[in-house]
Every structure is written in C-alpha cells, then in structure tokens.
Amino acid sequence: MIIATFWKSDFTGDNLGQLREILKQYAVKGIGCWFKDKTNFIQACLPGEDSYEWIMEHVANYGDPSLNK
C-alpha cells in the first residue's frame, strides 16, 4: 500500500466527487484503508502506485472540466 496526496486543484467539478467515490470504494473493499479530506488536498492509502497513476490519468482534469468526463 502507498499513501498518496491528491491536490484538489487537479480535480474540478464532478471529477472531485468521482475521486472521493473511488477512494471510498477502495476503503469499503478493504484494498485501501482510509482517506483524509482536507481544505486543499485529499490524502489516501491506496493498494499501489498503479492505482494512483490510473486516477491521475483518468480522473484528474487539472482545472479543465472538459478533460476526463
């Protein structure tokens, strides 16, 4: 498992909600263990680096709501 930090500025609009739902699913399934939702970032325990990379590639939109819809 890894601890990952997701900056909220990288996830705008519905994509931030999608990130939260993905992290909840990891925790519910027992393959992630927790996440902290702070003002500027979300920190989470993920099953591996590949999970972090997938989220950043397929969910992050870096302030452009038209990306990764």
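Mentor: Buried means under 20% relative accessible area, exposed over 50%, and partly exposed in between (1.4 Å probe, protein chains only). This is a predicted model, where local features need pLDDT of at least 70, side-chain atom pairs count only at pLDDT 80 or more, and totals for chains, interfaces and linings use all residues. Residues are numbered from 1 along each chain as its sequence is written, and side-chain values use heavy atoms, with hydrogens and water left out.

Trainee: How many salt bridges does the structure hold?

Mentor: A salt bridge is a side-chain nitrogen of Lys or Arg within 4 Å of a carboxyl oxygen of Asp or Glu. By that rule the count is 3.

Trainee: Is lysine 8 buried or exposed?

Mentor: Lysine 8 pairs with aspartate 37, with closest N and O atoms 2.7 Å apart. Lysine 8 sits in the loop between strand E1 (2–7) and helix H1 (14–29) and aspartate 37 in strand E2 (residues 35–37), so the bridge ties together parts 29 residues apart in sequence. Helices (H or I, at least four residues) and strands (E, at least two) are DSSP runs, numbered from the N terminus. At 18% relative accessibility, lysine 8 is buried.

Trainee: Which helix holds both lysine 24 and glutamate 21?

Mentor: Their side chains meet in a salt bridge at 3.5 Å, N to O. Lysine 24 is partly exposed at 39%, and glutamate 21 is partly exposed at 42%. They are 3 residues apart, about one turn, in helix H1.

Trainee: Which residues do shared partners join into one network?

Mentor: Aspartate 37 also bridges arginine 20 at 2.7 Å, N to O. Salt bridges with shared partners make one network of Lys8, Arg20 and Asp37.
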